[in-house]
Amino acid sequence: MRLTKKHLPWLKTIFHLIALWPIVALCYQVLNEKVGGEPVEYIIHYTGIGALNTLLVVLLISPVSKYFKQGLLMQTRRLVGLYVFAYASLHIFAFVSLDLLFEWSLLFTEVFKRPYILVGALAYVILALLAITSFSALKRKMGKHWQQLHNGIYAVALLAPIHFYWSVKSEIIEPSIYVGLMIAVLLLRLKKQRRV
Amino acid sequence: MTNKFIKGIARKATWQIKDNEVTPHEVFVQRRNIIKALGLGALGASLPSTAQAGIFDLFNDKKTVTPFVTKPLEFSVNPSFTLDEASTPYKKVTSHNNFYEFGTSKQDPVNNAQAFNVQPWQLVIDGLVDRPLTLDYDDLLKMFALEERTYRLRCVEAWSMVIPWTGFSLATILSKAGIKSSATHVAFETLYDPQQMPGQKSRRLGGGIHYPYVEGLTIGEAMNELSFMSVGVYGKTLPPQNGAPIRLVVPWKYGFKSIKSVVRITLTDRQPPTSWNQLASNEYGFYANVNPAVDHPRWSQASERRIGEGGLFSAKRIATLPFNGYGEQVASLYKDLNLTKFF
């Protein structure tokens, strides 16, 4: 079945529900004390993983839509991309509010003292720029610069898993999986670039 | 895909794909093989339980497990070791733990350790001692008069708690064995039992630590009045996630020095290996004294998040004190030591 324009609202609704569900689940888990008495680290980790997963999805939409000849899927990229930004925002908000407890001075020293936070902050700045310029009108106005700017997502795809890998104490298997996945997804893109 | 905008020519919608941009099937299959070769097919099976619970799972309530049974202890309160600071509630002390033998997430130990069997137990004190000792479970609770001491606990991850421990001083048990004059250090070892400790069986759960977990102190540190062997918390025997049936508590050092579920204490004449130091010697030293002036290479140690009563936002950020506020008792141990070099 080829998806057509009339499927788009449904498709988007499904994507919204899939993206929002983990947040509902997190609230349920935390409010019902399913994740320990002090879930600060859990919430920070969970929202960070959410950002990585949505990032993987947004990078996979283009190859998947090409392979299955479902061009309509490409119209969901902005939606998913904004969820990457939303999860990253929640991740940072959780860090600032729950771990640093709004000690802003600490935030600035920490960003520069902890290189892995600097890497994450850089990725977030790029994501914020992409989110701000995601409006159609702005996209038209920016012309080819829009695409140049939005290629920044590939930088995020490298920075985000590095940030994760660098932040852990010893449990490197999970971050290694994300590093591998992102490299695999980026390799797909490299191939595409070469062929065109 | 370079979609240049040329005037007068209808621009393609972003979702319109030229035939030559569609991945040929052979190429796609190749890619699949690359992904498989990377071992990513096993992704679902290899993700930590937290990540699985995190983003893919729905409201999956964990199977309700029968909690480990703790017993009330008889003890006296040691008035020299009380604090004005509010104690961290029992629920948080027993559900926010680092005990990688039961998993690396904070909630893993309470979830995975409830079936842990502490009876029978053997604690061996050997090495450079006059009378090697073997204590069984009952000995741990009955051989020495138990006292309660409320200590601060400062984790190397920059969070802290205030906890009333029940137990006896390390010096008491070492003196019973009789320390030979040639002994310079004390080595500690956690139980090695992969059947009971899933983190020892699986590298994924256990965070890549080389098991059994080992720790160590100098003789001076071990004989300091602060060094404490705990068999209980909040007046009851320790639950497994807190290190049942017996653990070390050295409150002026980062939490990872306070080794849990101890089966062996060996007096030696050299500095023993310690687990976190073995894993990353540039980040975790042998001494691991709480020190706000020496940052962890990847984060600041100047302040800490004190976990107290109340909800998520009720924690406080407080300044970290040298030796976690126990400088009066222990600073003299290090008067000739460069604490920046020997962190």
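Author: Two strands pair if DSSP finds at least two bridges between them. Strands (E, at least two residues) and helices (H or I, at least four) are DSSP runs, numbered from the N terminus. This is a predicted model, in which local features need pLDDT of at least 70, side-chain atom pairs count only at pLDDT 80 or more, and totals for chains, interfaces and linings use all residues. Residues are numbered from 1 along each chain as its sequence is written, while chains are lettered from A and ligands numbered from 1 in the order in which they are written.

Take the sheet in chain B. Five strands form this open sheet, in the order β3-β2-β11-β6-β7 (chain B), and the pairing is mixed. Its edge strands are β3 and β7 (214-218) of chain B, each of which pairs on one side only. On average, neighbouring strands are turned by 15° against each other, direction ignored. For such angles, axes are lines fitted to C-alpha atoms, for helices over the stretch in contact, and values run from 0 to 180 degrees between N-to-C directions.

Strand β2 (residues 122-127) of chain B runs antiparallel to β3 (residues 133-136) of chain B, and four bridges join them. Gln122(B) stands opposite Asp136(B) there. Five residues make the hairpin that joins β2(B) to β3(B).

Move along to β6 (residues 185-190) and β11 (residues 262-268) of chain B. They pair in the antiparallel sense over six bridges. Thr190(B) faces Val262(B) in β11(B).

Strand β5 (residues 159-169) of chain B pairs with β12 (residues 303-306) of chain B in the parallel sense, over two bridges. Trp159(B) stands opposite Arg305(B) in β12(B). β12(B) also pairs with β13 (residues 316-319) of chain B, antiparallel and over four bridges. There Arg306(B) stands opposite Lys316(B).

Now confidence. The mean pLDDT (the predictor's confidence in each residue, from 0 to 100) of chain B is 87, and 81% of its residues reach 70 or more. Residues 1-6 of chain B fall below 50, with six contacts in the model beyond near neighbours in sequence. Residues 34-61 of chain B are also below 50, with 34 such contacts. Two residues are in contact if their C-beta atoms, placed from the backbone, lie within 7 Å. Where pLDDT is low, the predicted coordinates should not be read in detail. The complex gets an ipTM of 0.82 and a pTM of 0.82 from the predictor.

Chain A has a mean pLDDT of 91, and 97% of its residues reach 70 or more. Its confidence is lowest in helix α4 (residues 104-113) of chain A, at a mean of 84, and highest in helix α3 (residues 77-99) of chain A, at 96.

The axes of α1 (residues 8-31) and α2 (residues 40-67) of chain A lie 11 Å apart, and the helices pack at about 170°. That angle makes α1(A) roughly antiparallel to α2(A). Angles over 145 degrees count as roughly antiparallel, under 35 as roughly parallel, 65 to 115 as roughly perpendicular and the rest as oblique. Residues making the contact include Leu26(A) of α1(A) and Tyr46(A) of α2(A).
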